[in-house]
Amino acid sequence: MSGQLVSLVLGSGGARGLVHIGVIEWLNAHGYRIASISGASMGALVGGIHAAGELDAYKHWVCALRRPDVLRFLDFAFSGDGLIKGNRIMDTLRAMVGDFAIEDLPIVFTAVATDLDRQREVWISRGSLFDAIRASISIPGVFRPHCYLGKTLVDGGLLNPVPIAPTFRDLTDLTIAVNLNAQPIPEAPRPRVERRDDAETSATPPAEIGYEQRIRQFLDAIGLDLAREDEDKLGMFELMNRSFETMQNSIAAVQLAAYRPDVVIDVPRDTCAAHEFHRASELIELGHALAERAVREARR
């Protein structure tokens with residue numbers, strides 16, 4: 001299959017979306033030519049940055065992140081339509097990558113979002129790259145919805161966590177889909193669990209903590225709790241996240257059954273928690289391993 005033109009479908013799934021970087025790297029290293037990308041949520045973010053030619057810069061940046069660094073990018077909204085504004089992270093990415101018109105990118109790109117007013121998915125394949133990405137990553141309740149072109153847009157994974165349909169118009173040789181919501185598989189390649197030093201997550205003295213810092217500390221504590229496998233009760237954020245993922249898992253299974261791509265790269269949904277962006281290096285390594293295994297099995 002090496003040398004063939006590929007339509008690449010990149011699914012939604014929080015930090016598991018960093019696996020997409022490893023998949024793209026593996027495909028490029030083995031002679032596949034990515035001609036088209038369709039992405040939802042983190043799939044839109046990674047796919048859009050790759051289409052703009054800046055995936056190496058993003059990889060270098062995200063692999064340097066530690067848990068406290070991730071929390072520093074949270075600009076709290078303190079409003080009812082979302083916990084996080086999202087401006088801080090988007091401004092950082094825009095400065096790193098540069099904003100482009102999607103139609104000018106060297107790779108055909110479509111970001112999938114959800115139109116709340118009309119209750120349907122939206123394919124964004126023209127206009128500002130980062131407006132498209134911002135719309136597609138707007139997880140309800142976490143990020144504020146993105147108002148764009150007169151529409152109120154939220155996470156594309158809400159209705160289409162594996163957006164295969166936008167690739168139907170492509171004249172390519174292969175369609176490869178990365179499903180971040182696959183069933184846990186004990187024998188699947190897994191990243192090692194990385195434990196951070198206590199110094200990285202230590203509390204700031206109470207006298208020096210402002211209101212926003214207290215919320216960051218609270219969220220960090222939630223993050224630590226989510227990593228504990230012996231917890232009997234779910235916290236609010238874990239409950240919301242699991243509920244959202246349960247819905248995505250069901251929709252992804254239907255999409256993959258209805259529109260079967262040539263190759264499916266399944267990423268077990270218990271690979272990492274949705275917020276664990278500080279594990280980028282191991283997740284990228286996992287992407288390499290899963291891509292190799294999926295393509296090898298498809299050749300049989």
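This is a predicted model: local features need pLDDT of at least 70, side-chain atom pairs count only at pLDDT 80 or more; totals for chains, interfaces and linings use all residues.
Let me begin with the annotation. An unreviewed UniProt entry carries the label "active site" for Ser 41 and Asp 155. The two span 115 residues in sequence, and yet no two of their C-alpha atoms are more than 5.8 Å apart, so they gather at one spot. Ser 41 sits in the loop that runs between strand 2 and helix 2, while Asp 155 belongs to strand 8.

Are these two residues buried or exposed? Ser 41 has a relative accessible area of 4%, and because buried means under 20%, it counts as buried; Asp 155, with 1%, is buried as well. As for their surroundings, and leaving aside neighbours within four places in sequence, Ser 41 is in contact with Ser 12, Ser 136, Ile 137 and Asp 155. Asp 155, on the same terms, touches Ser 12, Ser 41, Ser 136 and Ile 137, and its list also includes Thr 114, Pro 140 and Phe 244.

Now to the strands, where I would like to take strand 5, residues 108-115, as the reference. Seven of its eight residues are buried, so strand 5 is largely enclosed by the rest of the structure. Which way does strand 2 run beside it, parallel or antiparallel? Strand 2, residues 33-40, pairs with strand 5 in the parallel sense, over five bridges, and within that pairing Ser 36 has Val 108 as its bridge partner. Strand 6, residues 120-124, is joined to strand 5 by five bridges and runs antiparallel to it, with Val 112 bridged to Trp 123. Strands 5 and 6 form a hairpin with four residues between them, and in that turn Gln 119 has a positive phi of about 55°. Strand 8, residues 151-155, is also antiparallel to strand 5, and three bridges join them.

Not counting residues up to four places away in sequence, Gly 47 touches Leu 10, Ile 37 and Phe 109. Gly 47 and Leu 8 lie 39 residues apart in sequence, and their C-alpha atoms are 8.7 Å apart in space. The other residue is His 50, also in helix 2, which at 13% relative accessibility counts as buried. Beyond its neighbours within four places in sequence, His 50 is in contact with Ile 24, Asn 28, Ile 34, Ile 37, Leu 55 and Ile 107.

Helix 5, residues 87-97, gives us a case where the pattern of burial can be read off directly. Its buried residues are Ile 89, Met 90, Leu 93 and Val 97. Seen down the axis of helix 5, these buried residues fall within an arc of 95°, so they line one face of the helix. An α-helix has 3.6 residues a turn, so residues three or four places apart point the same way. What covers these buried residues? The cover includes helix 2, helix 3 and helix 6. Helix 5 is followed by Gly 98, whose phi is positive, near 90°.

That leads to the packing as a whole. The largest nonpolar core has 63 residues, and those with the most contacts inside it are Leu 8, Leu 45, Tyr 58, Phe 109, Ile 124 and Ile 265. Helix 10, residues 280-299, gives the most to this core, with eight residues. Apart from it lies another core, of seven residues, including Val 162, Ala 177, Ala 252 and Val 264. Going back to Leu 45, its contacts, again leaving aside neighbours within four places in sequence, are Tyr 58, Leu 93, Ile 133 and Ile 137.

A last point concerns the cysteines. How many disulfides does the structure hold? The number is zero. Cys 147 is exposed, with a relative accessible area of 61%, whereas Cys 272, at 6%, counts as buried.

Terms used. Residues are numbered from 1 along each chain as its sequence is written. Side-chain values use heavy atoms; hydrogens and water are left out. A nonpolar core is a set of buried Ala, Val, Leu, Ile, Met, Phe, Trp, Tyr and Cys residues joined through side-chain atoms within 4.5 Å. Buried means under 20% relative accessible area, exposed over 50%, partly exposed in between (1.4 Å probe, protein chains only). Helices (H or I, at least four residues) and strands (E, at least two) are DSSP runs, numbered from the N terminus. Contact means heavy atoms within 4.5 Å. The arc is that of the directions from the helix axis to the C-beta atoms. A disulfide is a pair of cysteine sulfur atoms within 2.5 Å. Two strands pair if DSSP finds at least two bridges between them. UniProt positions are given in the numbering used here, feature names are shortened, and annotations may be inferred rather than shown by experiment.
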